[in-house]
Amino acid sequence: MEIKDKLSVKDFQELHKAVGWKILDDKEIKLSLKNSTFVASAIENGKTIGMARVVGDGATHGLLTDVIVSPEHHGKGVGKALVKYIMEKAQQLANKHDQFMIELLPTTGNEGFYVKCGFKYAPEKMAGCYKWFKNEKRYNKN
């Protein structure tokens, strides 16, 4: 499996369909992908089996959304690889600026997955998860 930083409208639609999510207009998806801060796709044997993307301002904040893995690949580390790739991109962005925070609103029951990936989850404070990435040159990496 390899992770790439691109995703076609067709693959976006096929993944949404595979998990029963709403099918969107192709023009909306094209614009959505163009305006995403990060896009990642998981490819296996030439087929896109997963996706993730971050939308945001490109400088300080982003929202992790559309983390989708085709059902036949659930439980094989695809989602974790996609989130790791996105986190690496976030760290690179933080290193160019000062800090970058990714927030997310996991579907019910998936909070633990994101915690295992390194996100904070404090339901007494907020409904979602978050993770700050700091410029490694300015802040000691621990």
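Two strands pair if DSSP finds at least two bridges between them. The model used in these exercises is predicted.

**Exercise 1. Pair strand E3 with strand E4.**
Find how many bridges join E3 to E4, and in which sense the strands run.

*Solution.* 
Step 1. Locate the strands: E3 spans residues 47–56 and E4 spans residues 61–69.
Step 2. Count the bridges. Six join E3 to E4.
Step 3. Read the sense. The two strands run antiparallel.
Step 4. Pick out a pair: Gly-50 stands opposite Val-69 in E4.
Step 5. Look at the turn. The hairpin of E3 and E4 has four residues between the strands, and Gly-58 takes a positive phi there, near 75°.

**Exercise 2. Follow the chain from E4 to E5.**
Determine the sense in which E4 and E5 pair, and the handedness of the crossover between them.

*Solution.* 
Step 1. Strand E5 covers residues 99–104.
Step 2. E4 and E5 share four bridges, in the parallel sense.
Step 3. Gly-62 stands opposite Ile-102 in E5.
Step 4. On the way from E4 to E5, the chain passes through helix H3, residues 78–96. This β-α-β crossover is right-handed.

**Exercise 3. Describe how H1 packs on H2.**
Give the angle and the distance between the axes of H1 and H2, then list the residues that meet.

*Solution.* 
Step 1. H1 is residues 9–18 and H2 is residues 26–34.
Step 2. They pack at an angle of about 110°, with axes 9 Å apart.
Step 3. Angles of 65 to 115 degrees count as roughly perpendicular, so H1 is roughly perpendicular to H2.
Step 4. From H1, Val-9, Phe-12 and Gln-13 meet Asp-26, Ile-29, Lys-30 and Leu-33 in H2.
Step 5. Sort this contact by class: four nonpolar, one polar and two charged residues.

**Exercise 4. Find the buried side of H1.**
Which residues of H1 are buried, and what do they pack against?

*Solution.* 
Step 1. Asp-11, Phe-12, Gln-13, Leu-15 and His-16 are buried.
Step 2. The buried residues of H1 pack against H2, E3 and E4.
Step 3. After H1 comes Gly-20, with a positive phi near 80°.

Methods: Residues are numbered from 1 along each chain as its sequence is written. This is a predicted model: local features need pLDDT of at least 70, side-chain atom pairs count only at pLDDT 80 or more; totals for chains, interfaces and linings use all residues. Side-chain values use heavy atoms; hydrogens and water are left out. Axes are lines fitted to C-alpha atoms, for helices over the stretch in contact, and angles run from 0 to 180 degrees between N-to-C directions. Angles under 35 degrees count as roughly parallel, over 145 as roughly antiparallel, 65 to 115 as roughly perpendicular and the rest as oblique. Contact means heavy atoms within 4.5 Å. Ala, Val, Leu, Ile, Met, Phe, Trp, Tyr, Cys and Pro count as nonpolar, Asp, Glu, Lys and Arg as charged, and the others, Gly among them, as polar. A crossover is right-handed if, with the strands pointing away from the viewer, the path from the first strand over the helix to the second runs clockwise. Buried means under 20% relative accessible area, exposed over 50%, partly exposed in between (1.4 Å probe, protein chains only).
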